[in-house]
Structure formats: C-alpha cells, structure tokens
Amino acid sequence: MKILRAVLIGLLAVIVVIVGAALFLINDWTRGPLPTLAGEVRIANAASQTNASGTVTGLSGEVEIIRDNWGVPHIYADMPYDLFFAQGYAQAQDRWWQMEFSRHIGSGRIQELTGQNDAVMGNDLFIRVAGWRAAAEKDFEVTDPEVVAILQAFSDGVNSYILNRDKSDLALEYNLLGVTGVTISIEPWTPVDSLAWAKVMAWDLSGNRDIELLYSALVNKLGAEVAADWLPPYPYGDKPTILQAEDLPISEDSAALPVSEVGRPAISTVLAGGITASSPLFYRDPDIGSNNWVVSGSLTTNGAPLLANDPHLGIQMPSIWYEIGLHCRTVSEACPYDVTGFALPAAPAVIIGHNARIAWGVTNVGPDTQDLYTLKINPENPLQYEWNGEWRDMTTRDEVIRFGDSTETVTIQVRETHLGPIINDYEIAEDGTLGGFNSTEPMAFRWTALQERSELMQAVMLLNRAQNWDDFRNALQHWDSPSQNVIYADVDGNIGYQMPGNIPIRAAGHSGILPVDGSTDAFDWRGYVPFDNLPRIFNPERGWIATANEAVVPPEYYVQLSEALGDQFGADSNYVFALDWDYGYRAQRIEELLTTTGPHSADTFKAIHGDNQSISAIELQPYLSTLDFGGAEYNELRDWLFTDWDFQFSIESQQAGLYAYFWRQLTENFLNDQTEGIFEGGGGAQLMWMVHQLAEEPENVWWDDTRTADITETRDEILIRSFREAVDRIKAERGADRSQWQWGAMHTATFVSNPLGLSGIDLIEQMVNRGPVAAAGGSAIVNATNWNFSNSDSFELSSLPSMRFIADLSDLSASQTMHTTGQSGHPFSPHYGDMIDPWRLIQYHPQLWTRAQVEAAQVDRLILRPASG
C-alpha cells in the first residue's frame, strides 16, 4: 500500500506538473501578447529614422498615449514625427496581427502566413499579376517628402514595438500557426506596406471589373437585349442624385444621358489564379457602399451643422477601423495636427473625423475606373502585342510566391502592356495545374490606381489639418483613388460636398460595360475629368446634402461637362462617370427622413442610422397584396404580411423574416434560372430595381423559368410560386410558430478573424471569432446589414455599417461614434469585442475631444521617452 501510495503521489505530481505547464503555456500564449498600456517606455532611436531632408532623427521628446474605458488612445506630442511614431506604436500594440495580415494581402503573400493552400493560391497569384505592391512601390518613389517623413515616422513606431519583442509576445496567431508547421519571420514595417494597403482599399472600392465579365457572360448566354434588363439604367427622376437641380445650371435644352453601347463580350472569363468574376477577390459586392449626410444650422436644434457617416464594408474581426486622437500639444505651423476620428490600422493619420475647425465623412462614389482590353499577341513573340498596326514590346516582372510551411517556391513572369497587366495569364485548372501565358484570349486590365502615381496619403495629411472649405478642396485635389463622396461641415456654419478622383474620359462608343479592342488607340482613355469640373456643392439653399452611393449627378451634368471640355477632350467623348450605380433606395429614405423629421439633433441622426425600412418591399407590395395564393393559410399570411407590417426589418419583426424567405425564393425562381453557370443570387438594390421595373412587364422573358421547358411562366405565377415556397420553407425550417420567425433570429452577425477564424477547429474559432449575434437591417436599407444572396441557406451578414459617426459642430466634444468590434485585436483583451452589442443596437460612445475630457476618462497612460532623454 505504501508503494502504491507513493506511485499515486508521484503520478499525481506528474499530472500536476503537466497540467501546470499546460496552463502556463496557455496563459503565456493568450495573455502574453497583451500590451503594456501604462507606465513608461524608453525608445532607442534607429538609424532608419530620417526626416524629409534625409537627416537622421528620432523621438525628440515625451509622448503621452492616454487610453479611455473603450481602449481609444489619444496621443499628445510636440512634433509631427513624435506624434506619428506614437500612432504606429499604439496601432501595433493593439492591432499588430491585423497589420501583418494586411500587408501580406497587399503584397500577394498570404500563403507565407497560412502555409500552402489551394484555396488561397489563386488570390496570391492574382494579386501578384495585378501588381498592387509594385504599384505602391512606384507611388512611394514620387511621394511628397513631408508625407514620406510621416510614413517613416509611423513605420519607426511600429518597428520600435514589433522588433523588440518575441513574436509569441506579439500575437496569439504566431503560436497557433507555428503548431501547424508555419514559420513566420517578423519583418520590419515599411512605408510601402502602408501604401500597399491603400491599394487594397482602392481595389475594394473601385471600378466595375466584375460587371464587365458578368455582363459579357450574360450577353453571350442570353443575347444583348435580354441581358440589358439585368443592368437597368439608373432611375433618374424616381430615385435621387447627390447633386440636384439647384446645385447646377440645368437648361431646358439639355439632352438626355448619353449612353454608349459599343463593346464586345469577353471570350475568356477566367483570370489569373483561376479567379472569376464571382470570386470573392474579384467580385465587388454591389451592396458595399456607405451613407453620409450633413445639415446646416438652419435645420438643427442648436443652430450649428451636424454631420453623420457610416461606411459599409465587409464584416471582419477585428474592425477595419481604429479610433484614435492625434494632438499636437501646441498647434502651430511646425506641429499642425489636432484631429480625432478613424484610422486604418496599417496607415498613419485619420481617414474620417474632425479637427478643431472642420469635420468630414466619406462614401464610395463607385465610378468606372477600370477597363478590360482584348489583345492580339505576336505569334512569334509572346512578349509583344499589336498596337496601331505594329508590334509593341511588353515589360515583364518576376514574382516569387513562397509558403510558410515549405521551402518550395513558384515563380511567374507577369506581362504588362501600356494599358496594364495581362490579367488572365496563369489560370489554375480544376486539377490544380498552373497554366502559363494566355496568348489566345489575352486581356489587359486598366485601372487608374495602377496607371497613375497615387497621392492619396498627401490628401489625407492635408485633410487632417485643413481649416476651411478652400483647404478642404485643396486637400482633395490629391485624392485620386478610390473616388469618394466627401461631405464637409465647419464651425463657422458652412456645409459642402466634393467628389475627387481620377475619372477616365472614354472615347466615343466606349461604355465601360464591355471589354473593347486593345489593338488600336480607338478606345484609349482621352484623359481625366479635371478636378474643378468634378461635382461639388457649397451651402445649398435646402440646407442639407446626402450621399448613399446613388448616381452623383443628373444626366444634364454630362451634357454641360461635354460642352465645357469638348475643345480639350473631344465633344464626342464619353464623360459619364459610371453606368452601374447603387439604385438609390438608401438615398431616397435618408432624404425622406431629413426632410420630414427635425429639427435635427444627434438623436434624430441616430434614428436615421438605425432606420430599417425596406422601400423595395413597399414597391413590390401592390403586385402581391391582391394575388390569390391558392389556399386560406397562404392568403391569411399574405394579409398578415402586407397589412400589418410596417416594412421595417427590425430584430423582432416576424414579417421581415417571412419576407426575407420570399425574396430568397423569388431570387431563385426569377433570376437564378437565367444566370445559372455564371453567378447566383445577384445584388440587393440592383435586383430589387430590376424586379420593380419588370413587374410592369408581366410576360417579360425574365419571368419565365427556363428550367420548365414546356411552360412559359408569367409574373404572377412566379410571385405565387415564390410566396408559397417561402411559407413552406420557413415552416419546415423554423416551425409554424411565428414567434420563431423573428428577423434577428436568422439575420445574425459573426465576426471572423483571419485566418484562424476559418480554421475549421471549433475550439480555435470560438477563441478568435465573436457571434453570432442578432442584427436588424438588410440590403438597400439605411441600416445596411447586407446578407449574401448567393447563399441559399443563410441570412448571415456579409457586410455592414463598419462604424457610425456623428459630429456636432456646435460643440465637437459632443460628437459620438461606435465601430463594430473593439479597439483591440487580441482575443483575450477586454476591448476585443466590447463594441459589438452597442454597435448592433445603434448605441454610441462619446468621441472625446478636449484634453479635460480625455483626462477625465483616462484608464491607462503610457509615456514614450527617448532613451537618451
């Protein structure tokens, strides 16, 4: 017994040691990366730190980083270098893994983090061929020296944090990925890393690349006349434009919108890496947009302007935004920054926010800044293409793809024309085989962000310190890509709007909707719309400006643009900014609320942010409310839906749940039979307007289900079938008890962290992901919590209002905001997910502004000092 007891004691001791070691390891992996947020850190200056003149510099004095109870840092410094150094340091503390993943996306190096992965290989290949990083490197070569100094200061701050810690103390992801055999080296952050992320954002918000390929495929399958119904013209007159009649001189003699239709369908619709038009990397979600609006003091309770913004972007973990305050202790010409708002974690400065004089917000314009050109390759030389009857040499660059779990590499040679890279080289076959040059159906990809050297960061820096309308417009002259609808308000009571960006002027007959011949200069771009000819508004008589990705200008604007620029670019040129806009549902509802509620305050603006009304459902109601659905239960549900419902997609709404099921079945019966083999689901607002238009044509071919060969269906038959199927399906999946049909029970938000949140391992996914949580809103709704129409089994959010912001120009310290997740990217930080519930419930926290406010809310104070100080 003594021996047995000794053995058991020994065994217990071993178990205790093993468990203790495991607990220590778990604690070290999960809590070790949490940064030190209070106290003092001595900063050793590095030789890489140079100012605009090339002189070695470094942290010159004490910098304070004060964080509040939401983890929002406010930085106080005496010099710009110190300020942006500390911004890099703070953002690396809270969001390093997100920054690491971001720069690998921007460079097409994702598999260096994930290991060799067939699902990711196509993305890496495509990004390399498109040349995002290469374009960022060229941008850096011509970047303004003052901006270079700021980018370098930010990089130095990041590196001061990341290069003085073991990678296991930087992020949980390094440890967990290491277990899978992935080895990741910590590389210094560089200014080009920040510029490359700007290219990623520009990609997400630019062009109509997917439309050209999808429309090409539809024309090839259905014919041009039928395909045209899928992309209806913008409903001028039925839906608003940003600029209105009072904002420009419109003559009665103005012609209608000049629409070009020349172009030809693409033969090849598979691109580098096997990417297609519907692939997540290439597909531009038509419901990703934004809302912003501004009202003058004549419409507010306090007599000063109010400004609101909520950018709509893909759902992710952590938030794409990082809230921060950047304050020169004494604002002067030498240190001109005093600004608060939202930064992108991978870059310096504030993208959306306010300083002491002005506030601004942005939504995406979505102009057509991308084109596809079909090429003719020299059969004797794959590095030459025809241009105006002669063979022209391409340039090439080699790209080496590496893997975090292997020493194997893949090298490709990218072919580039003066129009852009050949975008459909290196397809990946179904068996995983990597192809080579495509010289039979080659297409060049032209994009303003690749063609011209970007000055976006210069625009952002000038915007951060702008003091008035003229400064604001001067800053936006440098905002080239992505083009944004930028609204303005200042403490003097002015409001305004400016559209910036490089907007191509196309040749006559070049619509931008279909690829064109790239063997001659017939379809070459003729230039860009000059900045002073781009739309702007200042102090409109109506007292408000609103943008929600709708068409920017009425058709008459283009006629006047042609008259103004015809001598320079040709009277027959195509000056139209785009042909595929958001179809104006959100804009219509925002304008309605701005003009029918008020006087306005932060509370009325919150109500607009949280509005869940579906105008599309209202539009379709007359076609459904009188139909006989062939059964008492179906007809009773019809009356319950269209008589008792307020058309709000609130969390509690049971009718919204049933309508969502109906819309999904209608998508299947009306659209997917025609588009089968090309894409499924389509977009929210685009499909909604298409259905509304074709509801007036009950025998249009789109209503016919092509899968029923012997029957030609009409509108009412498809509506009846879709409604009956929706009722049957919701009862089968959720039961007959309508209390189980609440919209929030099916419309949920799950915030997924890359790449561990997609690992397929429940324990790890639960560790790094958050949700699901119920959410209100939907597609083409002001509260734009969009769901993926191509997923027939889920109503989960695919994109959302990534933050909400209200600036009060009567008292900037009364401004309010909330973004989606939390300030921290560390899963075991209390600020990893503490904003999720307030965000989904349309709640806000104060956006601190004054030093007294910040000190009153202080939770942590970190001092950075030069090591020699």
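**Notebook: rings and charges**

I began with a charge over a ring: Arg 415 lies over the face of Phe 437, 4.2 Å from the ring centre. The model I am reading is predicted.

Next I looked for a second case and took Tyr 76. The charged end of Arg 851 sits over the Tyr 76 ring, at 4.2 Å from its centre.

Then I turned to ring-ring contacts. I searched the whole structure and got 42 aromatic pairs. I opened Tyr 81 and Phe 85. Their ring centres are 6.0 Å apart and their planes meet at 35 degrees, so I logged the pair as tilted. The cut-off for stacked is under 30 degrees, and for edge-to-face over 60.

Where do Tyr 81 and Phe 85 lie? I found both in helix H2, which covers residues 80-106. They are four residues apart, about one turn of the helix.

Are Tyr 81 and Phe 85 buried or exposed? I read 12% relative accessibility for Tyr 81, so Tyr 81 counts as buried. For Phe 85 I read 0%, so Phe 85 counts as buried too. The limit I applied is under 20%.

I moved on to Trp 525 and Tyr 528. Their centres are 6.2 Å apart with planes at 70 degrees, so I noted this pair as edge-to-face. I also checked Trp 525 for burial. Its relative accessible area is 9%, so Trp 525 is buried.

Last, I traced a cluster. Which residues do ring pairs link there? I listed Phe 629, Trp 645, Phe 647, Phe 649, Tyr 659, Tyr 661, Phe 662, Phe 723, Trp 743, Trp 787 and Phe 795.

Note on methods. Residues numbered from 1 in each chain as written. Predicted model: local features only at pLDDT ≥ 70, side-chain atom pairs only at ≥ 80, totals over all residues. Heavy atoms only, no water. Phe/Tyr/Trp six-rings, centres within 6.5 Å; stacked < 30°, edge-to-face > 60°. Helix = DSSP H or I, 4+ residues; strand = E, 2+ residues; numbered from the N terminus. Buried < 20%, exposed > 50% of the residue type's maximum accessible area, 1.4 Å probe, protein only. Lys NZ or Arg CZ within 6 Å of the ring centre and 35° of its normal.
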